[in-house]
Amino acid sequence: RSAPVIAVDGPAAAGKGTLSKRLAEVLGLPHLDTGLLYRAVARRMLDEAVDPACTSGEAVARALVPEDLKRTDLRTPDVDAAASLVARDQGVRQALVDMQRLFARAQGAVLDGRDIGTVIFPDADVKLYITASARTRAVRRYMQNGGSETAPDREAHISEIEQALIARDHADSTRASAPLRMADDAVKIETDALDAAEVLAEALRITKAAL
Ligand code: C5P
């Protein structure tokens with residue numbers, strides 16, 4: 001394969017999306033946020049009042065169209081939780097494998113998710129594992145959602161977000177199929193003390209050394 005594939009994995013709200021988008025821009029590669037695939041399946045199931053804990057979303061996953069990924073209502077807390085539920089389903093995961101591999105076939109790609117370096121592209125040219133403490137990730141998500149530095153209920157909000165992130169990471173890393181795990185040959189970037197530009201610089205340094 002000549003087209004480069006860059007795998008970016010890690011827990012929820014670690015900054016994988018921001019990093020992957022910029023990395024792709026700088027390198028001139030297409031970018032796929034694979035979490036959107038699971039979110040789109042979950043969204044459709046919620047819309048159709050199908051319980052993602054009880055019914056397989058495999059048929060929904062097979063019927064996904066690009067428009068499903070462009071919906072603006074894919075990042076709500078109910079979709080966060082439902083996406084993690086549908087992502088446990090081996091049928092759903094299998095239905096999305098080819099889509100992810102095909103995406104990178106022509107020009108290569110930066111893909112971010114949970115199992116890119118372990119399952120989708122075990123032979124990726126570069127594997128990054130982006131992480132930070134649950135507290136750091138919760139604070140970032142709070143600010144991203146428009147949270148204020150001085151709101152009196154700031155702490156309560158942040159700990160609510162933090163608990164939800166921890167629950168989702170636990171579900172994602174303990175499931176049977178394609179759990180969240182750092183690939184043995186991935187390079188870990190701890191981002192607690194780094195801003196977005198510093199994470200990008202570090203990722204570019206690692207990528208350029210590997211390509
Ligand atoms: O990355 P994001 O938070 O948007 O992903 C939503 C959910 O989709 C995750 O919590 C996880 O359960 C699932 N997912 C996955 N494999 C991926 C990407 C996302 O299981 N490659």
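Let me start at a helix end: aspartate 89 caps the N-terminal end of H5, with a side-chain oxygen 2.8 Å from the backbone nitrogen of glycine 91. That is a polar contact, meaning a pair of N or O atoms within 3.5 Å; within protein, one must be able to donate a hydrogen and the other to accept it, and residues adjacent in sequence count only if both atoms are side-chain atoms. Helices (H or I, at least four residues) and strands (E, at least two) are DSSP runs, numbered from the N terminus.

Some ground rules. This is a predicted model: local features need pLDDT of at least 70, side-chain atom pairs count only at pLDDT 80 or more, and totals for chains, interfaces and linings use all residues. Residues are numbered from 1 along each chain as its sequence is written, and side-chain values use heavy atoms, with hydrogens and water left out.

Confidence next. pLDDT is the predictor's confidence in each residue, from 0 to 100. The protein averages 96, and 100% of the residues score at least 70. For the complex, the predictor gives an ipTM of 0.99 and a pTM of 0.96.

Back to H5. It covers residues 90–105, 16 residues in total. The expected span is 1.5 Å times one less than the number of residues. Yet H5 bends by about 25° at leucine 96. The bend is the angle between axes fitted to the seven residues ending there and the seven starting there.

Which residues of H5 are buried? Buried means under 20% relative accessible area, exposed over 50%, and partly exposed in between (1.4 Å probe, protein chains only). The buried set includes Gly91, Val92, Leu96 and Ala104.

Now salt bridges. The rule is a side-chain nitrogen of Lys or Arg within 4 Å of a carboxyl oxygen of Asp or Glu. By that rule there are 19.

In H1, residues 16–27, glutamate 25 and lysine 21 sit four residues apart, about one turn of the helix. Their side chains form a salt bridge at 3.9 Å, N to O. Glutamate 25 is exposed, at 57% relative accessibility. Lysine 21 is partly exposed, at 49%.

Next, arginine 71 and aspartate 73, bridged at 2.9 Å, N to O. Both are partly exposed: arginine 71 at 29%, aspartate 73 at 26%.

Then aspartate 172 and arginine 175, at 3.4 Å, N to O. Where do these two side chains stand, buried or exposed? Aspartate 172 is buried at 4%, and arginine 175 is buried at 5%. Elsewhere, bridges that share partners join Arg43, Asp47, Arg71 and Asp73 into one network.

On to the annotations. UniProt positions are given in the numbering used here, feature names are shortened, and annotations may be inferred rather than shown by experiment. An unreviewed UniProt entry places "domain: Cytidylate kinase" at residues 6–207. The end C-alpha atoms of that span lie 8 Å apart, and it is 52% helix and 11% strand. The unreviewed entry also has a "binding site" annotation, covering residues including Gly10, Ala13, Ala14 and Lys16.

Alanine 14 is in the loop between strand E1 (5–9) and H1. It is buried, at 2%. Alanine 13 lies in the loop between E1 and H1, and is buried at 14%. Its phi is near 60°, a positive value in a residue other than glycine.

Last, alanine 49. Its phi is near 55°, again positive in a residue other than glycine. Alanine 49 lies in the loop between H2 (35–47) and H3 (58–62), and is exposed at 71%.
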